[in-house]
Amino acid sequence: MICHLFPEPSFLVFSTELSELFYYAHLPTVFVALAVGLFVFASAPHQLLNRLLFVLSILFALWIGANLVVWTNIHSQVILFAWSFFWLLSGLIALTAIYLVSVFVTQRDIGPAQKLLLAVLALPLIILAPTKANLSGFDLVACDAFGFESEFFSFYPVLLGTLAVGWIFILLIRSSRNTAPARRFEISLLGAGIEIFLILFFATDFISSQLTSIGVFEDSELELYGLFGMTIFMVYIEILLVRSTTFSIGLIASQVLVPALAVLIGAQLTFVQTPTSIALTCIALIFTLILGTILVRSIRKEVRLRQTVEAQEQELEKINAQQVNLLHFISHEIKGNLNKAQGVFAGMLEGDYGQLSAELSHIAKGSLDDVRGGIAMVMDILDASNLRKGSVSYDKKPFDIRHTVLATTDAVRNVAMARGLQVEVITPPSGALTINGDEAKLEKHVIRNLVDNAIHYTQEGFVRVSIHAVNNTVRFAVEDSGVGITPEDMAHLFTEGGKGKDSTKINVNSTGYGLFIARQVVEAHGGTIRAESEGAGKGSRFVVELPLA
Amino acid sequence: MDAERVAQKLPLILLIALALSAAASFYRFIVLEDYIVRYEVPCDPASQDCFVGCEDTACAEYHFYAEARKQARDLSAACGGDVSECPAAERCVPSDTYCTITYCDTTDPDAQCETVQSGAQTEEPELLDTL
């Protein structure tokens, strides 16, 4: 049956009687939706997320296709055939959106129970779509079927749409609690995009359909504005594609946005009338193409640079690991030779090789000191290497750190006094400060290291060591009136090999590993270490806090 | 078959179901033309209660009509694709599977009816079964 509202359309859908807004709302949207869906799918067809986005694009494109036929065709049987898919496709769009967001948020497929639930929800629509429970007739005068839609069939998909909006909202809220900020932003971006799309799609479609049914509107032109929701969603997807590797689309992603925008703007030329409007649209189109090309090139360059940097980073990590192993090996070898030399010089001084002359004895003593310094340096490097590899084990037991600090300070007091330094120890008058830790490592790498540093880097004045309990922690501090720390040195003080700019002028044996090792050991005990200084020549203060047992 | 195996085959099952659904729609609407068509038939206000249809918003021009409903395939058989110039569409005939012609209900205060001649009420929804 033919209705006489319009002349026969060409190619099923092209009618001169319809407003340009109608085609502008449909055709570019189909293009954008299908282009993005296809690009995403083609980039990685095996990925579930990509497949789901493609399915969503196809469903939406089919919905628009059906909509185009319904609006433009004049044959009742063709219109009804297309019309029979409306609510079916709407329901499937809602269910696919739930599936898509679930996979995006959890980064894995949904369970069989959820899949079955979604399928069961879709089943009434699939079964009843061709029956009279969907459409029973056609109005030749109005050229539509609004008066012949069943209530169930027009409400059920809207119910599914509402369910989708709520379900996705809950997924977004849940994911926002236990994801990293960068990932949370991506999820919010996609979630907001799909929520806007669903709300615009279902709300405008439902409201326009209901208001047209009861005669408030002559036709359901209002629903055309809902189609722009898909464009908004697709732009969101575009941003996601460009921002991250969510859909593994890489470089292609940056090339989709510009043609899509160009189509949207270019399509305006089909209905703008005045010369000014045409000129403005042309200018906008040219600017979009020029700026878009620049954008694509810039993103392409950035992506390539990022890929190059990532590849280099992996290569560097590999080389670094090889160097660490080599350093470890060499250090072990050097340590063995130094130990032998230490044994020889110590034996010489102890008379194992006969009585030495005063001059030879002086040389042997100096050499023994040098060899011991060398061994200490190699040990530092080895310790740092082991700490970084994670191959250091800690023998943690409860011990009184107050006692350890007092013993260590007593051991170096003479050295400090020989340099003319005043050594002050401030501890609680009595009582143990018990912590659970590896006493030997804390003593050697933290307490001794900090006190030694204070003595080495202080030409005159004092070295003050204090230890006391603060709440549930033990605070151990070493303060001196020495060379101080510049802000530049402070930035890399606790890094591997991060010694001060002029540190070797004062301490020739400085390896730059001492404070790095100290930090690793303190952190392995659940503590913190920090340095304070007002600048060069103004002394420094190192504070270690460890949890009490 | 457990739930997981069913879930694995769901995409294929759904695709087949959708294809069948589309085929059924095609068969019903395009091949069988199994649906009701509502259209307007000419009405004489001199002898019948007619609906008044406005040609424009100001209703400066109008026409009188009654509302007809018939099965699409009956109309196709009788009139081809166009009911506008088809006398068979203006009345119910025995071969119609379903047919109603509704005249304006003058007792309905919201109905825009036009009756020139008072007297005999001609509103007569008809339903003729296939012979």
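How many residues of chain B are in contact with chain A, and how many of chain A with chain B? The legends below start from that question and then move on to other parts of this predicted model.

**Figure 1. Chain B meets chain A.** In this predicted model, the contact brings together 33 residues of chain B and 29 residues of chain A. About 2,600 Å² is buried between the two chains, and carbon and sulfur atoms give 70% of that area. On the chain B side, the residues that lose the most area to chain A are Arg28(B), Phe29(B) and Arg38(B), which together make up 21% of what that side buries.

**Figure 2. Polar links between the chains.** Chain B and chain A share 13 residue pairs in polar contact, counting pairs with both residues at pLDDT 80 or more. The elements of chain B that each supply at least two residues to the side touching chain A are α1 (3–32), β1 (36–42) and α2 (72–79). Helix α1(B) gives the most, with 16 residues. Sorted by class, this side of chain B has 19 nonpolar, six polar and eight charged residues.

**Figure 3. A salt bridge from chain A to chain B.** Two salt bridges are counted between chain B and chain A. For a close look, find Lys132(A) and Asp34(B), whose side chains meet in a salt bridge at 3.8 Å, N to O. Side chains of opposite charge can pair when their charged atoms come close.

Figure 4. To find your place, look for Gly137(A), which stands opposite Ile36(B) in β1(B).

**Figure 5. Strand β5(A) and its two partners.** On one pairing, strand β3 (residues 421–426) and strand β5 (residues 461–470) of chain A run parallel and are joined by six bridges. Within that pairing, Val425(A) has Val465(A) of β5(A) as its bridge partner. On the other pairing, β5(A) and strand β6 (residues 473–480) of chain A are antiparallel, with eight bridges. Val470(A) stands opposite Thr473(A) in β6(A). The hairpin of β5(A) and β6(A) has two residues between the strands, and Asn471(A) there takes a positive phi near 55°.

**Figure 6. A charged pair between β3(A) and β5(A).** Over all chains, the structure holds 17 salt bridges. One to zoom in on joins the side chains of Arg464(A) and Glu424(A), at 3.0 Å from N to O. Arg464(A) lies in strand β5 and Glu424(A) in strand β3 of chain A, so this pair ties together parts that are 40 residues apart in sequence.

**Figure 7. Helix α12(A) from end to end.** The 32 residues of helix α12 of chain A (residues 358–389) should span 46 Å at 1.5 Å a residue, and the end C-alpha atoms are 46 Å apart, which agrees. Just after α12(A) comes Gly390(A), with a positive phi of about 75°.

How values were computed: Residues numbered from 1 in each chain as written. Chains lettered and ligands numbered in written order. Heavy atoms only, no water. Helix = DSSP H or I, 4+ residues; strand = E, 2+ residues; numbered from the N terminus. Expected span 1.5 Å × (residues − 1). Contact = heavy atoms within 4.5 Å. Buried area = accessible area lost by both parts, 1.4 Å probe. Salt bridge = Lys/Arg side-chain N within 4 Å of Asp/Glu carboxyl O. Polar contact = N/O pair within 3.5 Å; in protein donor to acceptor, adjacent residues only side chain to side chain. Nonpolar A, V, L, I, M, F, W, Y, C, P; charged D, E, K, R; others polar. Pairing = 2+ DSSP bridges.
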